Amino acid sequence: MAKVSSSTKLGSQVWTGILTAFSTFSLFPVKAPAYRPENLRFTLAAFPLVGAALGLCQGFVLLVAQAFDLPGLVFALLIFSLEAYLTGFIHLDGLADASDAIFSRRDRDRMLEIMHDPLTGPMAVIALVIHSLWQMIFWSDLYGLVPQHITQARLLMTLLALPAFLRALSAGLTQVMPKAQKTGMSQAMAPQPDPLANRLLLVHGLIWALVLCLTLTWRGLAMVLALALTWQASRSYYQRTFAGISGDLAGQALCLFSDLSLLLLSLLLRL
C-alpha cells in the first residue's frame, strides 16, 4: 500500500512538473499549478516537452508555407515570431539581460546586478538584433534546402526533436550547476541536486538526441556532438565567470544553442 501511495505521489509530481513547465516557459493554455517547491521538482526535466510542442507548431508553419508557396523570408519571420511569442519572449529576455551583464566586463557581483536591472542597455539590443537576423537568415536557408537536400518528412522530425533537445541542454545547465544567486527562477526550480530529476532529464535528452541521429543519420550525430561540446564550454564559462548559473544565463545559452544548431543544419545538409 505504501509503494502504491509512493508511486502515485511520484506520478502526480511528474505530471505537475509537466504542467508547470508549460505554464512557466510557454503560452500554451494549461492550468498552472501552485508555485510550490514540490510542484517544481520535475519542471526542468519536463522542459524538453515544451520544445517538442513548439516543434509541432513550427512543423505546421512549414506545411502552411509550402501549401501557399510563401517566400523563404516570410516563412522565416513566421516561424521565428511564433516561437518567440509562444515562449512569452522569456528566453529572449534572458539573452538580453545576460548580454548586458557579460559585455559590461565588470566583476561578478556587478554583472549580477546588471543582469537583474530592468533597464535594457545597448548590448542587449545588439544581441537581440544579431540573434534575430541569424534566425531569419538560417530559417530562410533551411526552407530552401528542403527540396534539394532533405525530405520534408525528415525536416518535420528534425523540427520536432531539435527544440526539445536544445531545451534538455539548457535545463541540464540549471540542474547540474550551482546557482549564481540565492534567489531567482533557477534557484526555485533546482535548489539542490535531485538525482531522480537529473536522471529523467538525461533520459529525455538522450531520447531526443537519438531521434536526431536516426532522422539525420551521421549529420545528426555530428550536430549532437557539436552541441554537447558547446554545452560543456558554456558550463565552464558560466562557472568561471559567475560561479554558477541563473535563469537569464540559461535563457542566453538556449538562444546560443539554437543559433549554432541552425548554422550546423545549414552546413551539414549541404555535405
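I looked up Arg167 first: at 2% relative accessibility it counts as buried (buried is under 20% relative accessible area, exposed over 50%, partly exposed in between, with a 1.4 Å probe and protein chains only). The model is predicted, so I kept its limits in view: local features need pLDDT of at least 70, side-chain atom pairs count only at pLDDT 80 or more, and totals for chains, interfaces and linings use all residues. Residues are numbered from 1 along each chain as its sequence is written, and side-chain values use heavy atoms, without hydrogens and water.

Next I placed Arg167. I found Arg167 in helix H8, residues 152-176 (helices are DSSP runs of H or I, at least four residues, numbered from the N terminus).

I then checked its partner. Glu83 forms a salt bridge with Arg167, with the closest N and O atoms 3.3 Å apart (a side-chain nitrogen of Lys or Arg within 4 Å of a carboxyl oxygen of Asp or Glu). Glu83 sits in helix H4 (residues 72-86), 84 residues from Arg167. Glu83 is buried too, at 17%.

I asked how many salt bridges there are by this rule. The count is 5.

I noted one more, between Arg41 and Asp194, at 2.7 Å from N to O. These two lie in loops, 153 residues apart. Arg41 is partly exposed at 28%, whereas Asp194 is buried at 17%.

My last entry is Asp141 with Arg270, at 2.8 Å between the closest N and O atoms. Asp141 is in helix H7 and Arg270 in the segment after helix H12, so the pair ties together parts 129 residues apart in sequence. Asp141 counts as partly exposed at 22%, and Arg270 counts as partly exposed at 44%.
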